[in-house]
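Me: I'd like to go through this model with you and ask what stands behind each label. Could you set the values against the definitions as we go?

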Amino acid sequence: MSENIYKEAFEYAMEELHKQYIEQEKESEFIFNFNVNYVEDTIDTITVSVASLFMKTQVTTKGSLKIIENKLKEITGIDNLKLECIIKNENLYKPEESDNTEKENQTINLNHKKESDEEKNPLIKKVLPEINVKKSLEKDNSNEETSVSVNSKKKKHPLLQEEYTFETFIPGDNSNFAYNASIAVSKNPGKQYNPILLYGGSGLGKTHLMQAIGNYIYNNNDEKLKICYVSAESFTNEFILSTKEGNTNSFKNKYRNLDVLLLDDIHFLQNKDATQEELFYTFNALHEKHAQMVFTCDRPIREIKNMAERLISRLSNGLCIDLQPPNYETRVAILQKKIEIMNKNLDFEIIEYIAKNVETNVRELEAALNKVFGYADLIGQNPSLDIAKHLLKDILNSNVNDNVTLETIQKVIADNYNITVANLRGKSREKKFVIPRQIAIYISRELTESSYSELGEEFGGKDHSTIMTAYKKISEQIKIDPTLESKIQLLIREIKEYKK
């Protein structure tokens, strides 16, 4: 039976850790990796809970439980105090709500401190939108007994895939902001973060989050709400057909009277001036009536060639979030979640092998998993690690960069920056040539085994030290500029998919 001996100590420890992570400019990391609740305690054990098996794996592998445990030992002076973690579907960690005026004042003072920190440190400002989304989610959930995704299974929208819910999406460092923002949008459609644009490479979960928004809104609002999910290609074809048949009014009535527009892959609209113009007026009509709009794209909106500036401006005025490839820990969690959904078992060493070798996107992780389970179904038992390695040989080989040449890299970079390969290899110090040249050098070093000296020859006979400096400059820049990192990942994908 719980004595509640350490409840206040636990809450104080969490607050202290929260402050530490804020000071280290890692508040978003704290929100995701310390997502635990106090449940009860005994004389030497505190029981905490998390919302899912994924979160239990996350707080364990990230060492979060050990960090909390050490902080509690520091506060209480009790060396044998330990934490036990259980799975319990409940709200994210937040200080206990009460009518105590003193606690309310402490919360207000903490908020003032955060505002002050934001003014002093611009880097905190970068993560504040994510924190605000999380606060909004916690506030909205405070009076609910179920998770955000439970209701999304009740009804099926004819245009949405019912398996695309927030419950089946595994957030990580690469997608946590997008995940939280999408939940906030779902709870307050048309009122907060409108429009929202999710961008990133193929298979990273953009469409999943977009449709999860649609499914949640559909299942938690009036059924009369008009929700439309459509790809940019279908939107274009439908518009062309309506023009050809002289029925544009019907097209306009359909899209300009929606309550929620989910438009997928808007990069398809490049060079399609008439469709862009129609989307511009559709956007204005929907924005005026506070209809929620969600868009996805494979790159930052301003990098789409031949896109109308006024449309870019409209889309940029909302919340634009990029999704990066998942890191190792997230890939493990994704695989474990999918195995759990499939109600199957797999040796962890095989899960680990897949996670270490498939680094690109979720879709390829699923392909590897399906191949292993396909074999398992045929032989009636799970394969060994050696058999799994043999089965996945083709999939893993597709990720090898053996076919990437320096010529391809230079051609793709030059095309993307509207310059020539000669400009890329030249000596001009103009910014419009220097930046793409440095990026080309960085990618060449990452994707090929060429030495600095060899790259120097390929880039116009430059000294190896010049090549090394260019590589290091981009390496440092991507650490502080997520937009550049996203751009480079898109270029790498294009280079790998390039066909002469």
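Reply: Happy to. This is a predicted model, where local features need pLDDT of at least 70 and side-chain atom pairs count only at pLDDT 80 or more, while totals for chains, interfaces and linings use all residues. Residues are numbered from 1 along each chain as its sequence is written, and side-chain values use heavy atoms, with hydrogens and water left out.

Me: What is the average pLDDT of the protein, and which residues stay under 50?

Reply: The average is 79, and 83% of the residues score at least 70; pLDDT is the predictor's confidence in each residue, from 0 to 100. Residues 90-147 stay under 50, and the model has 79 contacts for them beyond four places in sequence. Residues 149-153 also stay under 50, with 10 such contacts. Where pLDDT is low, the predicted coordinates should not be read in detail.

Me: How many helices and strands are there, and what makes a run count as one?

Reply: There are 23 helices and eight strands. Helices are DSSP runs of H or I with at least four residues, strands are runs of E with at least two, and both are numbered from the N terminus.

Me: Why is Gln 336 called buried?

Reply: Its relative accessible area is 19%, and buried means under 20%, exposed over 50%, partly exposed in between, with a 1.4 Å probe and protein chains only. Gln 336 therefore counts as buried. This residue sits in helix H13 (residues 328-341). Leaving aside neighbours within four places in sequence, Gln 336 is in contact (heavy atoms within 4.5 Å) with Thr 57, Phe 348 and Ile 351.

Me: Is Leu 204 buried or exposed, and how do you know?

Reply: Leu 204 has 6% relative accessibility, so it counts as buried. Leu 204 lies in the loop between strand S4 (196-200) and helix H8 (206-219). Beyond four places in sequence, the residues that Leu 204 touches include Phe 169, Leu 323 and Thr 360. Asp 322 is 118 residues from Leu 204 in sequence, with 9.8 Å between their C-alpha atoms.

Me: Why are S5 and S8 said to stand at the edges of their sheet?

Reply: That open sheet has five strands in the order S5-S6-S7-S4-S8, with parallel pairing. Strands S5 (227-231) and S8 (319-323) have a single partner strand each, so one side of each is left without a neighbour in the sheet.

Me: What makes S6 and S7 a pair?

Reply: Two strands pair if DSSP finds at least two bridges between them. Four bridges join S6 (residues 260-264) to S7 (residues 292-297), therefore the two strands qualify as a pair. Val 260 stands opposite Gln 292 in S7. Helix H9 (residues 232-244) packs on this sheet, touching S5 and S6, and its direction makes about 95° with that of S5.

Me: How do H22 and H23 pack, and what makes up their contact?

Reply: Helix H22 (residues 464-480) and helix H23 (residues 482-497) pack at an angle of about 120°, with axes 5 Å apart. Axes are lines fitted to C-alpha atoms, for helices over the stretch in contact, and angles run from 0 to 180 degrees between N-to-C directions. Among the residues in contact are Ile 474 of H22 and Leu 484 of H23. By class, the contact has six nonpolar, one polar and one charged residues. Nonpolar covers Ala, Val, Leu, Ile, Met, Phe, Trp, Tyr, Cys and Pro; charged covers Asp, Glu, Lys and Arg; the others, Gly among them, are polar.
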